Amino acid sequence: MNVEVTPLPGLGTRQDFVSRGGRRIGVITYRDGKMEMIVSKQDDTDSCVASIPLTVEESATLATLLGAPQLVSQLRDQHREVTGINTRQLPLAPGSPYDGKTLGDTALRTRTAVSVVAVVRNGTAHPSPRPDFRLLGGDMLVTVGTADGLSNAADVLESG
């Protein structure tokens, strides 16, 4: 996929690509840190049909929503031929008993036999997190284990 970066003098930069459907989809990052998602008309990639201002938190959440499933899909493909291994993304809700705690504090592996292979935060994957990795509400934990173990891990993250 070809991503074009266009300087916008005095404003910031635009990064975008043309989708298979013929729309230009991108993000404008302003010099003051604000961001805006843009989508062009299908028949005219120079005309904007949608412009959505995003806060830093909103853009990070959107990046996590778009990035975590791709990571899980790649893991599923790798484990496809191995019976009994499942991959699942588990959200850590703000206010969870483990919001601000370390991965080791969850004792997920000991309690559920589930391994956390990555934590996706603000669109960035943190692979193979150590037990001292501090979790934050809004994180997406990419996990591997049995179906029962993954269900139990979701319960642990939700209720402690």
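What share of the contacts in the chain with a separation of 6 or more comes from residues 24 or more positions apart? The share is 47%. Keep that figure in mind during the tour below, which moves through a predicted model.

**Whole chain**

Start with everything selected. The chain contains four helices and nine strands. Read from the N terminus, the order of elements is β-β-β-β-β-α-β-α-α-β-β-β-α. Of the 160 residues, 31% count as buried.

**Colour by confidence**

Next, colour the chain by pLDDT. The average is 83, and 88% of the residues score at least 70. Select residues 56–79, helix α1: its mean pLDDT of 66 is the lowest among the elements of the chain. Then select residues 103–106, helix α2, where the mean reaches 96, the highest among the elements.

**The four-stranded sheet**

Now show strands β6, β9, β7 and β8. In that order they form an open sheet with antiparallel pairing. Which strands stand at the edges? They are β6 (86–91) and β8 (124–127); each has a single partner strand, so one side of each is left without a neighbour in the sheet. On average, neighbouring strands of this sheet are turned by 25° against each other, direction ignored.

Zoom in on β7 and β8. These two strands run antiparallel and are joined by four bridges. Select A118 and look across to β8: the residue opposite is P127.

**The helix across the sheet strands**

**The nonpolar core**

Keep α4 on screen and turn to the side chains. The largest nonpolar core has 16 residues. Which elements give two or more residues to this core? They are β7 (115–121) and α4 (147–159). Of these, α4 gives the most, with five residues.

Select L108, L135, L141 and L157, the residues with the most contacts inside the core. End the tour on L108. Leaving aside residues up to four places away in sequence, L108 touches A113, V114, V116, L141, A153, V156 and L157. Two of the names in that list, L141 and L157, are also among the core residues with the most contacts.

Terms used:
Residues are numbered from 1 along each chain as its sequence is written. This is a predicted model: local features need pLDDT of at least 70, side-chain atom pairs count only at pLDDT 80 or more; totals for chains, interfaces and linings use all residues. Side-chain values use heavy atoms; hydrogens and water are left out. pLDDT is the predictor's confidence in each residue, from 0 to 100. Buried means under 20% relative accessible area, exposed over 50%, partly exposed in between (1.4 Å probe, protein chains only). Contact means heavy atoms within 4.5 Å. A nonpolar core is a set of buried Ala, Val, Leu, Ile, Met, Phe, Trp, Tyr and Cys residues joined through side-chain atoms within 4.5 Å. Two strands pair if DSSP finds at least two bridges between them. Axes are lines fitted to C-alpha atoms, for helices over the stretch in contact, and angles run from 0 to 180 degrees between N-to-C directions.
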